[in-house]
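Here is a short briefing to read alongside the model. Have the viewer open and follow the topics one by one.

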Amino acid sequence: MVAELKYRRILLKLSGEALGAQGNSIDAETVRRIASEVKRVHNLGVEIAMVVGGGNMWRGAYAAATGIDRATADYVGMLATVMNSLVLQDAMEKLGMVTRVQTAIEMPPVAEPFIRRRAERHLEKGRVVILAAGSGNPFFTTDTAAALRAVELNAQVLLKATKVDGIYDDDPVHNPYAHKFEELSYMRALNMGLKVMDSTALSLCKDNKMPIIVFNMQQEGALEAIMRGAKCGTLVSE
Ligand code: UDP
């Protein structure tokens, strides 16, 4: 029987840094923990597409600042997301989930190319689809790729997993009086110039009325609670 769920199809965005711990860009235990959190919602019957970043290994803008051509640096960043996606796929399959990695840059021996209708079919069949290589274009971020795929795949919500439990008006790590927003409009989020999500990604969500929930995936059960309708993190919507 399918559980009472608020969302039936989601796009989950993980930063590359979410996979690392203790100085390691990829920490096996951390990846396993993320995979098990995903499994909890998969078991509820939620259709899950995921986009993983690459910032734990490489960021195009930082590399470009050292003199590497920006577009080249960005392609390296997209390749980093493929590495993360394959590691995540492995952890998820070891927990018994059926998954597919689809890449925005074709590399057939490694994974399927991104084909929207095929991705939708996988989702309908209960396979978790991990979308790698960002948007396939330099000068974009994986947040923007996540917004794009969420809209394309008709997800009901874009879930952005971070290390803090929502959007604050200041850095809660350094300012104990920082105020957390339960909800924010797209416009306000854009005007605040938030670090949590870039303006291209926010604009794409705004134009397509794609709700965003920023939440802390390190909190055990948070993802499942959101699926069941709990108010976790910060909701960005109209
Ligand atoms: N990137 C890109 N186009 C995309 C997505 C990513 O060029 O559509 C590159 C860009 O250089 C970026 C890097 O890949 O810095 C890693 O992605 P991102 O910084 O978004 O990862 P995250 O911060 O989520 O770990």
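Ile10 has Val157 of strand 6 as its bridge partner. Helices (H or I, at least four residues) and strands (E, at least two) are DSSP runs, numbered from the N terminus. This is a predicted model, in which local features need pLDDT of at least 70 and side-chain atom pairs count only at pLDDT 80 or more, while totals for chains, interfaces and linings use all residues. Residues are numbered from 1 along each chain as its sequence is written.

**Strand 6 and its neighbours**
- Strand 1 and strand 6 run parallel and are joined by five bridges; two strands pair if DSSP finds at least two bridges between them.
- Strand 6 also runs parallel to strand 10 (residues 212–216), again with five bridges.

**Helix 5**
- Helix 5 (residues 142–152) is largely enclosed by the rest of the structure, because nine of its 11 residues are buried.
- Among those buried are Asp143, Leu148 and Arg149.
- The cover over its buried residues includes strand 1 (9–14), strand 2 (47–52), helix 3 (70–94), strand 5 (128–132), strand 6 (157–162) and helix 7 (199–207); contact here means C-beta atoms, placed from the backbone, within 7 Å.
- After helix 5 comes Asn154, with a positive phi near 55 degrees.

**Around the ligand**
- Of the 24 residues around the ligand, Gly53, Gly55, Gly60, Gly77 and Gly134 come nearest; a residue is near a molecule if its C-beta atom, placed from the backbone, lies within 6 Å of it.
- Helix 3 gives the most to this shell, with six residues, and helix 2 (60–65), helix 3 and helix 5 each supply at least two.
- By class, the shell has seven nonpolar, 13 polar and four charged residues; Ala, Val, Leu, Ile, Met, Phe, Trp, Tyr, Cys and Pro count as nonpolar, Asp, Glu, Lys and Arg as charged, and the others, Gly among them, as polar.

**The annotated domain**
- An unreviewed UniProt entry lists residues 9–216 as "domain: Aspartate/glutamate/uridylate kinase".
- Over residues 9–216, the chain is 39% helix and 20% strand, and the end C-alpha atoms are 19 Å apart.

Methods
A residue is buried if 20 or more other C-beta atoms lie within 10 Å of its own, exposed if 12 or fewer, and partly exposed in between; C-beta atoms are placed from the backbone. Two residues are in contact if their C-beta atoms, placed from the backbone, lie within 7 Å. UniProt positions are given in the numbering used here, feature names are shortened, and annotations may be inferred rather than shown by experiment.
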